[in-house]
Amino acid sequence: MKTLAALPKQTSAPAKLISPSTAARTPTRIAPAVSTESQFVPLIHASKVVLHLRQIHAQILLQGFSWSSLLATQLVSASSLRNAIDYSISVFSQYHPKNVFLFNALIRGLVKNARFEVALSHFVLMLRSDARPDRMTYPFVLKSTAQLFLRRLAGELHCMIFKTGVELDSFVENSLINGFLAAGLLDKAKAAFDQMPEKNVVTWTTMVNGFSQNGDNEKALSVFSRMLEENVRPNDFTVVSALSACAKIGAVEAGLRIHKYIKDNRFRLNAAIGTALVDMYAKCGNIESASQVFSETKERDILTWSVMIWGWALHGRFQQAVQCSKQMLRSGIKPDEVVFLALLTACTHAGQVDLGLNIFDSMRLDYQIDPSMKHYSLIVDLLGRAGRLNEALKFIEEMPINPDLVIWGTLFCACRAHKNVEIAEFAVTKLLELEPKHPGSYVFLSNAYAAVGRWEDAERVRSSMQDKGVGKGPGWSHVEVDGQVHRFVAGDNAHHKDANEIHQKLEEIMSGARKQGYMPGTEWVLHNIEEEEKEDALGSHSEKLALAFALIQTSPKTAPIRIVKNLRICGDCHSLMKYASIMSQREIIVRDIKRFHHFKDGTCSCGDYW
């Protein structure tokens, strides 16, 4: 881990300046003679290209202003803005003694040109010189530590800022919080945020967006609610960040409250807010509301269209996805690679193999868009789900780029669904070649053996997985009740006071489902154990726990139950949800990693094609 002390000492590069003699030979646009230092400043700012800056620099040297800190700083700043950062370094290296303004100009320019390590090296050089960092220095240094994920260094900078008293400056504080959030130091960000005597909309927005980007969407929504309670009016970006947090965890009640706030406070339904609302409603399982907001949004860009097409695709509404893409073309917007991903996804979920292949060809031939690995993966999925496994394998072998883990994993999933162990073994061999310690590879192969009853082989793979120290993260599910999002992990008892009641409710559901014909799909359990133990293992799946909890906590025949899951729903849970929708007389909406499943009156919107 790098610290300030460990960063390399910056040595100034040799100067590459235009000498007076060279300047005299330059045939184009020599800067006019200027008599005072200040007269050079507007010329520097008016220059369009680096050549002009070099000519102005030559005149500065010719007229004896090489001593000017102001002009050196202006040259460094202007050249860095014109993507000539090496020239900025040359100017910086030539000037002595270096002051805080010159250091700040160069460090800012280095950061804007993504030269983060060099920026930190010059910051170390600054500390070793007589120049003292100020409020204009730290924001860019903090951004560098965030971009390089130097958590320890970020902590050292926090101490340094505190000691110098600069932390009282809101500009520095905002940068410090943003740096902590970018580095994943959420506790430090919150501590710095809480210590700020005055918080403006930028500070609040940074916190909402930062928590959401780090996966703590519940905290992001909590901060947004606190912001409104303190009567701080959010800007468009704050609202978009909060809606994004709702979308990620399926918090539709929170999303509805934000939508109401937008209407009550007369926010303009521009492309950014409209797109965020469409995305929120679509990912929270309310595709009809997403479509309504889309219709009301008059300012639509390519992102707005792609989000709506994605929404239709994820909900298995193939025809609407295709129709929406045609409307987009008629509006004059050409599809990009994201739109094609959405269309291919729609074809995959609907089993429209031939149309999907035609769309793939159109992307390449009609729109000259080179397919990415994601596009190739969708074609493998499209063919594999339809049982055309040999075609899928041939497609992989003929790909112009080397297939990755996702490609081989997609092929395996299709093999498991169609019980083709031969191709599954080949796919897992490729997976292990690419990533010997990837947990999915071992789980895939163990699943393949378990699906056809080869328990000794399945156990052998799992033993190998344990011997090599390969672990697999648990599945989790979110469910929103009374505006609060609850998280369940497979097999957990995190809701201690409700744990017994949850398991009793789940047993009640499963018992009632059995009377109506439900049979636990024990083939989804990997171990070769007794059937009763397998049923117990199935009962601990996170989406089942979330379902039981929601049924306990909500009134009968109320709003749909919405569950968000980080993995693909298993066949047993899928089957049980259908029976549960009959017994509870409620719609159950499950968003897994692939798509939405709307369970109602004993059927699923996917038509069991998933």
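Trainee: What share of the residues in the protein chain is buried?
Mentor: Of the 610 residues in the chain, 52% are buried. Keep in mind that this is a predicted model.

Trainee: OK, so how confident was the predictor, going by the mean pLDDT?
Mentor: The mean pLDDT of the chain is 85, and 84% of its residues reach 70 or more. One stretch to treat with care is residues 11-31, where the pLDDT is below 50. The model still gives that stretch 30 contacts beyond near neighbours in sequence. Residues 524-537 also have a pLDDT below 50, with 27 such contacts. Where pLDDT is low, the predicted coordinates should not be read in detail.

Trainee: Noted. How many helices and strands are there?
Mentor: The chain has 31 helices and six strands.

Trainee: What about the inside? Which residues have the most contacts within the largest nonpolar core?
Mentor: Those are Leu 221, Ile 258 and Leu 411, in a core of 140 residues. Domain 1 (4-96) and domain 2 (372-471) each supply at least three residues to this core. Apart from it there is another core, of 31 residues, which includes Tyr 518, Ala 546, Ile 569 and Ile 588.

Trainee: Let me follow up on Ile 258. What is it in contact with, leaving aside neighbours within four places in sequence?
Mentor: Ile 258 is in contact with Leu 221, Phe 224, Val 239, Ala 242, Leu 243 and Cys 246. In soluble globular proteins, nonpolar side chains tend to be buried together.

Trainee: Changing topic: I keep looking at helix α20. How many of its residues are buried?
Mentor: Eleven of its 14 residues are, so α20 is largely enclosed by the rest of the structure. The buried ones include Phe 340, Leu 343, Cys 347 and His 349. They pack against α18 (302-314), α19 (318-330), α21 (353-365) and α22 (373-385).

Trainee: And what length should α20 have, at 1.5 Å a residue?
Mentor: Its 14 residues, 337-350, should span 20 Å, and the end C-alpha atoms are 20 Å apart, which agrees.

Trainee: Nice. What happens at the start of α20?
Mentor: A side-chain oxygen of Asp 336 comes to within 3.1 Å of the backbone nitrogen of Val 338 there. After the helix comes Gly 351, which has a positive phi, near 70°.

Trainee: Let's move to the backbone. Which peptide bond is cis, with omega near -10°?
Mentor: That is the bond from His 96 to Pro 97. Pro 97 lies in the loop between α5 (85-94) and α6 (100-112).

Trainee: And which residue has a positive phi of about 60° without being a glycine?
Mentor: Ala 114 does. You will find Ala 114 in the loop between α6 and α7 (116-128), and at 48% relative accessibility it counts as partly exposed. Asp 608 is not a glycine either and has a positive phi of about 65°. Asp 608 is in the segment after β6 (603-604) and is partly exposed, with a relative accessible area of 45%.

Trainee: Last one, since you mentioned α7: what covers its buried residues?
Mentor: The cover includes α5, α6, α8 (138-147) and α9 (151-164). Among the buried residues of α7 are Phe 116, Leu 120, Phe 123 and Met 126. The helix has 13 residues and reaches 19 Å from its first C-alpha to its last, close to the 18 Å expected at 1.5 Å a residue.

Key. Residues numbered from 1 in each chain as written. Predicted model: local features only at pLDDT ≥ 70, side-chain atom pairs only at ≥ 80, totals over all residues. Heavy atoms only, no water. Core = buried A, V, L, I, M, F, W, Y, C linked by side-chain atoms within 4.5 Å. Buried < 20%, exposed > 50% of the residue type's maximum accessible area, 1.4 Å probe, protein only. Domains from an automatic or database assignment. Contact = heavy atoms within 4.5 Å. Helix = DSSP H or I, 4+ residues; strand = E, 2+ residues; numbered from the N terminus. Expected span 1.5 Å × (residues − 1). Polar contact = N/O pair within 3.5 Å; in protein donor to acceptor, adjacent residues only side chain to side chain. pLDDT = per-residue confidence, 0-100.
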